[in-house]
Amino acid sequence: MTELRAVDLGRITQMLGTSAKPVSILWQTPGSVAFVARGREHRSEFHVDPSDEVMYMLKGDMELHYLTDTGEERVVLIREGEILHCPAGTPHSPRFAPDAYVLVLERTRRPDEHDRFHWYCRACGARLYEAVRQVGDYREDPVSRVYEEFYGSESHRTCARCGDVMPAPSGEAPYIGGASGFSSG
Ligand SMILES: [Fe+2]
């Protein structure tokens, strides 16, 4: 049988703190995926995925924005040392600082399953854009990839209803990692 090995989460967060990468994959098997992510600035999208997610705050607090069944936006605070279960299909947006860290446990996606990423207009609340991904490999950092897609085109950020344009953050892709950068979940 395979040799079993424990993971030192303190060492992982320390390493992420000095890395350009926002996410460290602990394991990725046919049944489950586990990773530690640090907060990203400019996190604005709502992630809708087919897996339950378990979020445990290792360091710092998270404000998890989410949408109820009726589309109402709510915020739940997850403090350092607290754990939260986010049911599959719940649109959620993890907002936390680049020096805060979360452990996330999810179910590995099946080949026919898709993750959706939604942005909403800050002026009128209409949906701005939807990115859809088959998340086969977390090492590809799907969150960073959809941020490139969204911010890469002004038309993606322009509201069809009211014309408001969500500005792209200044600097070189600051929403993707970087020493002070960002995460998933
Ligand atoms: Fe709008």
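1. Helix α1 spans residues 9-17, and its buried residues are Ile-12, Thr-13 and Leu-16. These residues cover an arc of only 95° around the axis, so they sit on the same side of α1. In an α-helix there are 3.6 residues a turn, so residues three or four places apart point the same way. Note that the model is predicted.

2. What lies over that buried side? The cover includes β1 (23-28), β2 (32-38), β4 (53-59) and β9 (101-107).

3. The largest nonpolar core counts 17 residues. Phe-35, Met-55, Met-57, Met-62, Ile-78 and Val-102 have the most contacts inside it. At least two residues each come from β2, β4, β5 (62-67), β7 (83-86) and β9. β2 gives the largest share, three residues.

4. Look at Ile-78. Beyond its neighbours within four places in sequence, Ile-78 is in contact with Met-55, Met-57, Gly-60, Asp-61, Met-62, Leu-64, Ile-83 and Leu-84. Another core, of 14 residues, lies apart from the largest one; its members include Ala-131, Val-146, Tyr-147 and Cys-159.

5. Cys-159 is also a ligand of the iron ion, through SG. The other donors are the SG atoms of Cys-121, Cys-124 and Cys-162, and the distances are 2.3 to 2.4 Å. Along the chain the donors follow C-x2-C-x34-C-x2-C. The site is tetrahedral, with angles of 104 to 117° among the four donor atoms.

6. Are Cys-121 and Cys-124 buried or partly exposed? Cys-121 counts as buried because its relative accessibility is 5%. Cys-124, at 27%, counts as partly exposed.

Methods:
Residues numbered from 1 in each chain as written. Predicted model: local features only at pLDDT ≥ 70, side-chain atom pairs only at ≥ 80, totals over all residues. Heavy atoms only, no water. Donors = N, O, S within 2.8 Å, 3.2 Å for Na, K, Ca; no water. Tetrahedral: all angles 85-135°; square planar, octahedral: opposite > 155°, others 65-115°. Buried < 20%, exposed > 50% of the residue type's maximum accessible area, 1.4 Å probe, protein only. Helix = DSSP H or I, 4+ residues; strand = E, 2+ residues; numbered from the N terminus. Arc of directions from axis to C-beta. Contact = heavy atoms within 4.5 Å. Core = buried A, V, L, I, M, F, W, Y, C linked by side-chain atoms within 4.5 Å.
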